[in-house]
Amino acid sequence: MSAAPTPSRRVPAPDLAAWLGVAPFFVFAAMFLIAPTAWLLVGAFQDRDGAFTLANIVRLGQPSIRLSYWLSLEVSTASAGLGALLGLALALAALRGGLPSWLRPTLMTFSGVASNFAGVPLAFAFMATLGRLGLVTALLRNIGVDLYAHGFNILTFWGLTITYLYFQIPLMMLVVTPAIDGLRHEWAEAAEMLGASSWQYWRMIALPILWPSVMGAALLLFANAFGAIATAYALTGSSFNIVPILLYAQIRGDVLHDTNLGYALAVGMLAITGASNLAYLALRSRADRWLR
Amino acid sequence: MKRGHLGAWLAVALGGIYFLAPLVATFEFSLRMRRGEYSFDAYRVVFASGNFQASFLYSTIVALVTIVVAALIVVPAAYFVQLRLPRLRAIVEFITLLPLVIPAIVLVFGFIRLYGSSSALPLTATSLGTDALLTFGYVGLGLPYMYRSVDAGLRAIDVRTLTEAAESQGAGAATILFHIILPNIRSAILSGAFLTFAIVIGEFTFASLLDRPAFGPYLQLIGASRAYEPAALAVMAFALTWACLGLIQLVGGAPAPGVRR
Amino acid sequence: MFLALTGIRKTFGAEAVVKDFNLKVERGELVTFLGPSGCGKTTTLRMIAGFETPTEGSIRIDGRDVTHLSARRRAIGMVFQAYALFPNMTVERNIAFGLKVAGKPAAEINARVDEMLTLIKLPDLAGRFPHQLSGGQQQRVSLARALAPSPQILLLDEPLSALDARIRAGLREDIRALQQKLGITTIFVTHDQEEALSISDRIVVMNEGAIEQIGSPGDIYNRPRTRFVASFVGTLNTLQGVVVDPAEGTIRVGQTILRAQGVIEGTKTGETRALALRPEALRLGPPAEGDNALTGVIEDATFLGAIRRLRVRIDGGAILVDAFNSNGASFPEPGDEVKVSFSPNDLIVLDP
């Protein structure tokens with residue numbers, strides 16, 4: 001990094017300033033993003049004495065933990081799948097349904113808010129809605145439908161899934177909107193000129209084009225749900241044993257009586273969210289390439 | 001393509017019901033504190049509560065510090081990457097993706113093990129140290145949005161030309177950054193700031209596991225022990241989130257998909 | 001006539017985008033709608049296609065009133081400026097789309113696709129995807145796709161505007177050749193007068209929603225009827241003249257009396273009219289028998305390769321004179337006094 005000014009042209013206070021400028025960012029990233037994660041990664045493959053082992057990973061397979069993962073997978077898949085479909089339907093309706101033009105910005109703004117409205121307040125809101133004493137529960141009972149008699153409970157799988165949809169659907173809408181916008185009107189017009197009906201256009205052109213984006217977004221939703229804890233904790237306490245809650249309990253009170261297993265648990269989560277996000281990015285770049 | 005508007009209307013109507021019902025239900029529930037009539041008692045009780053005030057104040061302060069630290073980290077980085085170090089862009093953008101991929105609970109777990117009382121840098125040993133750790137955690141959570149916002153803002157103002165103009169007048173890098181670039185990306189920074197604020201205010205995972213007297217854990221506690229106050233708090237939290245995102249729109253940014261689960 | 005637009009009018013809110021458009025197109029003709037952005041040419045095309053419905057007026061194809069018929073039932077092929085090839089389909093499947101949608105048997109579809117690929121001279125690209133093709137190739141495929149279902153009319157909406165200049169000339173010749181070979185009635189929309197002049201059977205010049213003139217390329221260029229048409233197509237010199245004697249065809253510019261060919265219609269002595277002269281119609285030097293002449297001083301000379309363009313200041317304005325650039329010939333310099341002469345036939349008197 002030379003700083004000697006040449007006679008003909010003043011060399012700008014060179015890369016030294018630039019490197020100093022970006023240094024805080026990298027130091028921060030190293031200390032508070034990469035290092036903590038790396039520490040867990042290493043710890044997951046160590047035993048109590050620090051020697052390398054795969055035993056922790058193996059012990060993730062024990063029944064109670066496997067159940068946790070399975071539960072997490074179920075909730076994540078359900079909320080991601082439903083969120084993706086419903087979010088897509090709503091986005092298509094708002095963007096291409098021929099609805100009044102003020103609807104789109106309203107829905108987009110609301111999606112921005114709703115996708116951030118997660119955690120404890122959301123849990124409260126749904127308890128007030130579908131809890132045993134909730135408003136909707138009461139309304140439905142008035143018209144003869146007793147949810148809780150039918151086995152529904154806000155504090156279980158479906159309750160959690162429905163609650164998760166509150167931020168999954170808006171997230172889907174926000175992520176998939178650029179892809180829908182990318183459906184050029186000329187494609188629809190060209191299809192029409194060639195004699196295609198609306199249904200044929202959607203079946204043969206629009207949906208296939210959207211598919212990678214929709215799949216990718218669904219994976220994003222999946223990762224999002226898998227790592228979520230605040231909502232679940234506020235809603236179900238520690239009773240509904242998804243992986244984040246198990247991890248929470250482990251961090252708080254070492255319920256597993258094995259710190260390295262705790263690391264493995266965290267790393268297992270990371271592997272799943274990492275893989276989903278990678279797949280999302282891969283699908284997105286493929287979609288971009290097509291829609292150049 | 002002219003679609004059956006009916007299907008679209010139906011979808012939007014059902015969506016509207018699903019999204020508005022919880023808000024209505026929560027609001028209605030929050031008004032029921034006084035037996036037999038609707039009142040704002042629950043809100044009054046909450047506002048009067050010392051715990052509410054203390055935890056909200058704590059979270060607000062942490063949020064403000066987070067925003068300042070985030071801006072100090074992100075702005076120079078985004079600036080120099082765009083201007084002088086374009087080859088670093090890929091790795092910088094990868095880093096900004098990390099908080100979205102690494103679940104918060106995993107990250108805070110890492111924090112606790114790495115900076116815990118038995119480690120080389122025992123931040124958790126002191127209250128101030130833990131506060132600092134919390135702040136850095138939040139900087140991380142808001143990083144993707146702050147960076148994206150600032151980066152877009154820089155692109156919009158043609159940094160290169162501004163910098164060259166300033167350099168030709170003899171200004172050094174620090175001067176350029178603080179007196180020329182910063183004022184011009186104010187709205188981008190504000191957008192990132194409002195979103196960070198919304199994220200920090202109600203955040204639970206970090207605050208709870210680091211055992212800090214923040215608003216999130218307070219909400220959780222109230223929910224476990226009281227009936228009507230949680231509803232009032234939920235309504236306020238929603239209003240606050242709406243206000244933050246509304247302010248973002250006002251200063252010219254776009255609402256970003258949120259990941260505060 | 002094959003395609004007839006009668007009394008077509010299109011308003012968006014209070015604004016009339018197309019005003020009283022009347023046109024009859026013969027079978028097999030290539031008619032170009034030529035005009036600047038916003039003149040209504042694309043809107044009119046889209047009304048023929050069926051994407052817009054006229055506020056007033058009717059459209060008939062082969063005797064049938066299609067004004068309110070949906071686009072997908074009109075059997076019209078369309079080529080868009082942005083190619084609009086379906087990105088998720090190969091070239092083959094793109095071209096086959098119209099036939100597939102119509103439920104034709106696979107064998108027939110395959111044969112037709114092969115036929116079209118040969119027609120557009122891209123037989124090896126059948127399995128490629130649009131993003132793997134160049135702009136020119138995409139546009140050819142777009143053409144093949146539009147023609148595959150044997151439409152009765154072909155519409156092209158500024159098909160060359162998105163392409164490199166190099167490719168444009170070649171592709172427009174190919175389009176014209178194809179059109180003539182198939183004998184398909186075609187409407188071509190463009191803002192480029194060179195395109196219009198080189199490939200059309202007739203040109204419809206449009207401005208601000210109205211038709212300025214309809215005619216063959218020769219008519220439009222050599223006998224423009226309005227100032228707009230004269231100035232939009234080709235370079236033009238315009239002068240103000242005062243009519244001396246309409247029957248004689250004499251008109252005064254500055255201090256010089258000029259003679260037009262024949263009688264000047266619809267005017268009387270003393271009336272001011274706009275005159276137009278093409279730069280290439282003007283010659284330097286003394287006038288031949290019966291020619292007009294203007295005296296002036298050369299202000300400026302521009303070398304344009306094949307021609308030298310001289311700006312000459314005359315009494316009554318400045319005019320551009322184009323002279324062929326022949327090696328060795330001596331040219332007058334700026335400051336020289338010259339005589340500019342032209343035949344009365346080249347003096348265009350414009351409608352007021």
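Where in chain B is R212(B) found? R212(B) lies in the loop that runs between α10 (205-209) and α11 (215-225) of that chain; helices here are DSSP runs of H or I with at least four residues, numbered from the N terminus.

## About the model

This is a predicted model, in which local features need pLDDT of at least 70 and side-chain atom pairs count only at pLDDT 80 or more, while totals for chains, interfaces and linings use all residues. Residues are numbered from 1 along each chain as its sequence is written, chains are lettered from A and ligands numbered from 1 in the order in which they are written, and side-chain values use heavy atoms, with hydrogens and water left out.

R212(B) counts as buried because its relative accessibility is 14%, and buried means under 20% relative accessible area, exposed over 50% and partly exposed in between (1.4 Å probe, protein chains only).

The side chain of R212(B) makes a polar contact of 2.6 Å with that of D131(B). A polar contact is a pair of N or O atoms within 3.5 Å; within protein, one must be able to donate a hydrogen and the other to accept it, and residues adjacent in sequence count only if both atoms are side-chain atoms. Setting aside residues up to four places away in sequence, R212(B) also touches others, including Y58(B), S127(B), L134(B) and P217(B), where contact means heavy atoms within 4.5 Å.

## E93(B) on helix α4

E93(B) sits in helix α4 (residues 89-101) of chain B. With 32% relative accessibility, E93(B) counts as partly exposed. Apart from neighbours within four places in sequence, E93(B) is in contact with Y147(B) and D151(B). Its C-alpha atom is 9.9 Å from that of A78(B), a residue 15 places away along the chain.

## Where chain A meets chain C

Here, 21 residues of chain A contact 26 residues of chain C. About 2,200 Å² is buried between the two chains, and carbon and sulfur atoms give 66% of it; buried area is the accessible area (1.4 Å probe) that two parts lose on being put together, summed over both.

One salt bridge is counted between chain A and chain C: E189(A) pairs with R46(C), with the closest N and O atoms 2.7 Å apart. The rule asks for a side-chain nitrogen of Lys or Arg within 4 Å of a carboxyl oxygen of Asp or Glu. On the side of chain A that touches chain C, α8 (185-193), α9 (198-227) and α12 (259-290) each supply at least two residues, and the largest share, seven residues, comes from α8(A).
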